[in-house]
Amino acid sequence: MSLVVQDLIVEIDGRRVIDGVSFEVPDGARLGLIGESGSGKSVTALAILGLLPDGATANGSIRWDGTELIGMPDRELARFRGDDIGIVFQEPRTALNPIRTVGRQISESVRIHTGIGKREARQRAIEEAARVHLPDPETIVDKYPHQLSGGQRQRVAIAMALACRPRLLIADEPTTALDVTIQAEVLSLLLSLVEEHGMSLMFITHDLAVLAQVATYGVVLEDGRVIEHAPVSTLLTAPASPITQGLLRDATATLWRPEGGDA
Amino acid sequence: MPRWLRLIWSSATGRFGLIAVVLIALIALVSLFWTPFNPLEADVRGRWAAPSWPHLLGTDGTGRDILSLIMAGARTTVFVSVGAGVVATIVGIALAALGALTFRWMRETIAVLVDILIAFPVLIIAMMISSVWGGSLWVVIWAVGIGFGVNIARVTRPELRRVQQSDFVLAGRASGLTASQNLMRHLLPNVAPVFIVQLSWSMAVAVLAEAGLSYLGFGASITEPSWGILLSDLQRYISIHPLSVIWPGLAITITVLGLNLLGDSLREATDPTLQHRRAEVHTPAVVA
């Protein structure tokens with residue numbers, strides 16, 4: 001169940017935002033996609049799911065388990081989404097539907113792909129809520145998103161993405177909108193679930209320090225092109241491109257603040 | 001009692017709106033089988049009777065029983081209001097959906113079309129329709145339905161567009177919903193609060209428009225009992241028989257107010273964040 005992206009080209013309104021990106025996520029691998037904002041990380045993720053905004057066209061090849069996804073009719077693509085490939089978005093405040101209960105949203109993909117009934121779905125939602133360590137799963141599934149904290153909402157989003165046990169999880173900056181202590185909790189939760197199910201992970205971030213915690217292999221994007229790809233340890237110790245060096249400087253600046261420096 | 005009904009009942013305005021609307025509908029239903037007097041039967045000797053037994057609300061200048069006229073007029077009101085509501089919903093949702101969810105040139109065309117249509121007052125639309133098909137209640141229904149459908153589209157379209165661009169709609173598609181399933185589960189329910197208020201307002205204005213258009217001769221014919229016709233009949237004698245003109249006026253006011261208040265509380269019932277604000281005082285905060 002590997003994902004192979006080859007010479008991906010995405011044009012939005014005639015402007016080329018992804019320009020020949022190639023990478024591979026083998027079964028069980030943890031790949032990091034890193035770059036500054038606007039480098040095309042999120043667009044790549046949306047292209048894999050076939051959910052590019054209108055006015056956008058994708059060319060090249062995206063193969064999931066040998067099946068070509070580019071050019072596949074939307075109805076057929078929908079069978080892969082959620083079931084084979086799950087995604088967690090960046091902003092937990094907007095990633096949940098404000099007028100549906102948390103439980104219904106967690107079990108949504110399970111209901112779509114397996115057609116289980118309402119009562120069963122609720123039971124499943126409670127189990128999934130417990131897996132992502134939401135407090136009091138029995139009552140939280142009947143709550144609405146605005147009654148939850150940011151960290152809790154991101155846990156719900158993770159539960160939604162994992163409810164069908166996808167083979168590949170795409171995490172699009174899932175911790176960027178959270179404060180630092182919650183970030184660490186959500187990251188370790190994500191990692192433990194990925195490991196538990198042996199699924200592949202494609203983690204998108206602009207933060208090399210975060211990448212170092214989750215991924216083993218990194219692909220660095222800039223202006224829609226891959227400018228460097230290497231094991232994360234190499235990126236951290238011997239970054240080849242100036243972009244990676246810059247990202248590393250930013251990361252170290254947050255990790256090792258000079259002692260005695262003014263706060 | 002379903003949740004939304006309980007929520008409407010829990011506020012005083014919602015209770016009033018619900019009771020008023022249900023009451024008018026019931027009166028219209030009863031008038032199909034029974035009214036105290038035949039609403040069209042004139043009685044020259046009983047002209048301008050004061051409110052008393054057996055004419056509880058008095059009689060008009062031809063001796064017709066005003067209570068019976070109002071009961072029978074409720075039929076017209078419900079018919080026009082519901083009819084215009086259905087037409088406005090279809091026109092409004094169709095235009096909003098085409099203008100928000102399709103490809104670009106279609107969206108832009110619809111936006112321009114809505115802007116053009118909005119320039120036509122309901123009265124002009126009514127005159128255009130009635131010049132072709134003649135005056136009837138259907139003219140009122142189509143004119144108000146189209147006029148306010150365009151209005152609904154104008155307000156709902158940007159809202160639909162905003163919701164469509166939010167992450168949870170993308171997340172719904174990412175969970176495997178097809179585009180049409182996503183529309184029913186995530187998009188339309190999220191514009192419902194805005195839509196409901198617009199719709200209830202349109203239905204309320206339809207009541208007023210029926211009165212106005214019937215008054216001008218585009219709506220109900222003289223043999224159909226209508227609050228608008230009754231009001232325009234009686235207001236000519238307002239200086240001589242001021243009491244009689246109150247009744248159709250009161251009936252119109254209660255219906256319009258009831259529809260508006262019901263719409264408002266329905267909106268609150270469909271938006272969980274509004275209920276939360278009301279209940280916030282005794283909801284403990286949950287910490288991650």
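**View 1. Strands β1 and β4 of chain A are joined by eight bridges in this predicted model.** Strand β1 covers residues 3-12 and strand β4 residues 56-64 of chain A, and the two run antiparallel. Within this pair, A:Ile12 lies opposite A:Ala56 of β4(A).

**View 2. An open sheet of four strands in chain A.** The strand order is β2-β1-β4-β5, with antiparallel pairing. The edge positions are taken by β2 (15-25) and β5 (67-68) of chain A; each has a single partner strand, so one side of each has no neighbour in the sheet.

**View 3. The side of chain B that touches chain A.** Here 24 residues of chain B are in contact with 33 residues of chain A. On the chain B side, two or more residues each come from α7 (167-174), α8 (179-216) and α11 (272-279). Helix α7(B) gives the largest share, six residues. By residue class, this side of chain B consists of 12 nonpolar, eight polar and four charged residues.

**View 4. Packing of helices α3 and α4 of chain B.** The axes of α3 (residues 66-101) and α4 (residues 104-118) are 6 Å apart, at an angle of about 140°. Angles over 145 degrees would count as roughly antiparallel, so α3(B) is oblique to α4(B). The crossing of α3(B) past α4(B) is left-handed.

**View 5. Residues in the contact between α3(B) and α4(B).** From α3(B) come B:Leu95, B:Leu98, B:Gly99 and B:Ala100. Helix α4(B) contributes B:Met106, B:Arg107, B:Ile110, B:Ala111 and B:Val114. Seven residues of this contact are nonpolar, one is polar and one is charged.

How values were computed:
Residues numbered from 1 in each chain as written. Chains lettered and ligands numbered in written order. Predicted model: local features only at pLDDT ≥ 70, side-chain atom pairs only at ≥ 80, totals over all residues. Pairing = 2+ DSSP bridges. Contact = placed C-beta atoms within 7 Å. Nonpolar A, V, L, I, M, F, W, Y, C, P; charged D, E, K, R; others polar. Axes fitted to C-alpha atoms, helices over the stretch in contact; angles between N-to-C directions. Parallel < 35°, antiparallel > 145°, perpendicular 65-115°, else oblique. Left-handed = near helix turned anticlockwise from the far one by under 90°.
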